[in-house]
Amino acid sequence: MRLFTPGPVNLSRSAAEGLAAPTTHHRSKAFEELYSSLLAGLKSSFLTSGTVTVLTASGTGGMEAAVASLIKPSEKVLIPVSGKFSERWVEISEVYGIESIVIDLEPGLSPEPEDIKARLDEHLISGVFLTHCETSTGALTDLKSISEAIDDWSRMHGHRVLKIADCISTLCVDELRMEEWHLDCCIAASQKGLLAPPGLAFVALSDEAMRALAGANCKSYYLDLQRYVEAVPHYPFTPAVHAVRAAVASLESILAIGIEKLWKYYGNSASAIRILLSDAGFKPVASSQASAAVAFWSGGVDPITLGQTLERTHRILIAQGQGHLKGRIFRISPIGKTTAELQQLGVALAEALRQYGVDLTDEALVHYEQMLAREKVQW
Ligand SMILES: *Cc1c(COP(=O)(O)O)cnc(C)c1O
C-alpha cells in the first residue's frame, strides 16, 4: 500500500534495512555510537547547534514532554488553534494545570504575528505553542515571522517568552531553521519526514529552553527531558533500539540527498498536487500551504468512498478529515514519495474521480507531470 498520508509514511529503503538488523543492547558501546549519530543527524535536520533529546514515544509524547519540562503549572501560555493538532497543545496544558490563552482560528487559517503580539500585551505569557504544519488542514505557520515578532516584543518589555513549535510533520519536509529563526523548542517524530517506523519523538532545545528546563521542576517522571539530557551519551531507559537504528539509517540517506533539496522537492510536489486538484474544481483548505499535507474540501464528492476506491483499485491510501472535518475534506501527503509514485497518484485520482463526474483532463495531467519533472531527487 502506498501511504500518501501525513504519517506514518512508507519506510525508506535504508530504514527497512536498519529495522532488519539484529538487536543491539542499549548498554553497549555499539548503541552509544548509534545514539550519538542519531543526535548528530537530528541537529543537522533541525539546523541547530543546541541540544536534542529522543523519547520512546510517538510525536505527542514529545509535545507532552515539552509542556511538562519547560512550563510551570502556575504559568500562562499562548496557543493559536486552527485544528486538531494545535488543539492538542491546549489539552496537554490543561492536564498539567497550565492556563492557556487561545487564539481561535477557522480551519485552514494560520496565525499572524500581529495577533500574537496583541495577546502578549494582554497577558503575562511564558511560552507560545505553535504548530508548524497543522496537519489536519495543511496550513503552514510562518514560524520565522512569528518568532521575530515575539523577539521584538520581548526586547521591548524585557520579558522572556519561549517559542515552542510542533514540527512533527515538517522536519525534513518544509523549510525549518530552528537556530536561525530563534526557536526555543522544536518537536518531531520518526514516522513522518524521517521515513522511519513510528516509535521515537525528538525534542530539540535552545540554550534558553535549557535554562527553562533547569527551573521547571517537571511533574512527569518518564517525560522529564532533564533526565535524557543528563544521561547523554547513554539513554536513561530501554530505548526502541530498532527504531533508533532505522532512524539513523534513514537520516543518513536524507542528509546525503540534502535537506534543502528535499524542501524544494516536497514544495514542488505539494504545489503540483494542489494545482492538479484545484483545476478539477476542488478548493484547498489552507490559505498558506505546507508541503507536508495538502487538504481539499471534497464538495460533491464523498471523500470516504473516494478513499476506498483508491485503496481498492490502486493500493493508494489518502487521509480523511478528522473530527468535524470528517466527510468534508480529504488530505494527500507527498512525504517520501518518488516522482514515479506521484505520477501514479495523478493517474489514479483521474480514474477514481471519473465515477463522480469530476474530469481531470489529459491536459491537466500532462501539466502535473511536467511540474513534477522540475524537481528530482535521487532516492
Ligand atoms: C502526526 C502529528 C502529531 C501526532 O503525532 P503522533 O506521532 O501521532 O503522536 C502531532 N502534531 C502534528 C502536527 C502531526 O502532524
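S82 sits in the loop between β3 and α4 (84-95). Helices (H or I, at least four residues) and strands (E, at least two) are DSSP runs, numbered from the N terminus. This is a predicted model: local features need pLDDT of at least 70, side-chain atom pairs count only at pLDDT 80 or more, and totals for chains, interfaces and linings use all residues. Residues are numbered from 1 along each chain as its sequence is written, and side-chain values use heavy atoms, with hydrogens and water left out.

**Around S82**

- Is S82 buried or exposed? S82 is buried, with a relative accessible area of 9%. Buried means under 20% relative accessible area, exposed over 50%, and partly exposed in between (1.4 Å probe, protein chains only).
- Which residues does S82 contact, leaving aside its neighbours within four places in sequence? They are L105, E106, P107, G108, L109, E134 and T137. Contact means heavy atoms within 4.5 Å.

**The sheet**

- An open sheet is formed by 7 strands, in the order β2-β10-β9-β8-β5-β3-β4, and the pairing is mixed. Two strands pair if DSSP finds at least two bridges between them.
- β2 and β4 (99-104) are the edge strands, and each pairs on one side only.
- Neighbouring strands of this sheet are turned by 20° against each other on average, direction ignored. Axes are lines fitted to C-alpha atoms, for helices over the stretch in contact, and angles run from 0 to 180 degrees between N-to-C directions.
- Strands of a sheet pair through backbone hydrogen bonds, either parallel or antiparallel.

**Strand pairs**

- β9 (residues 185-189) pairs with β10 (residues 200-205) in the antiparallel sense, over 5 bridges. Here C185 has L205 of β10 as its bridge partner.
- β3 and β5 pair in the parallel sense over 3 bridges. K76 has I125 of β5 as its bridge partner.
- β5 also pairs with β8 in the parallel sense, over 5 bridges. F129 has I164 of β8 as its bridge partner.
- Why is β5 largely enclosed by the rest of the structure? Because 7 of the 7 residues of β5 are buried.

- Helix α7 (residues 207-215) lies across β2, β8 (162-166) and β10. Helix α7 runs at about 105° to β10.

- Most residues other than glycine have a negative phi, and most peptide bonds are trans. The next items depart from that pattern.
- The bond from G7 to P8 is cis, with omega near -10°. P8 lies in the loop between β1 (2-3) and α1 (13-20).
- V232 and P233 are also joined by a cis peptide bond, with omega about 15°. P233 is in the loop between α8 (225-231) and α9 (241-257).
- L47 is not a glycine, yet has a positive phi of about 55°. The loop between α2 (29-46) and β2 (51-56) holds L47. L47 is partly exposed, with a relative accessible area of 28%.
- R315 is not a glycine either, and its phi is positive at about 55°. R315 lies in the loop between α11 (303-314) and β13 (316-317).
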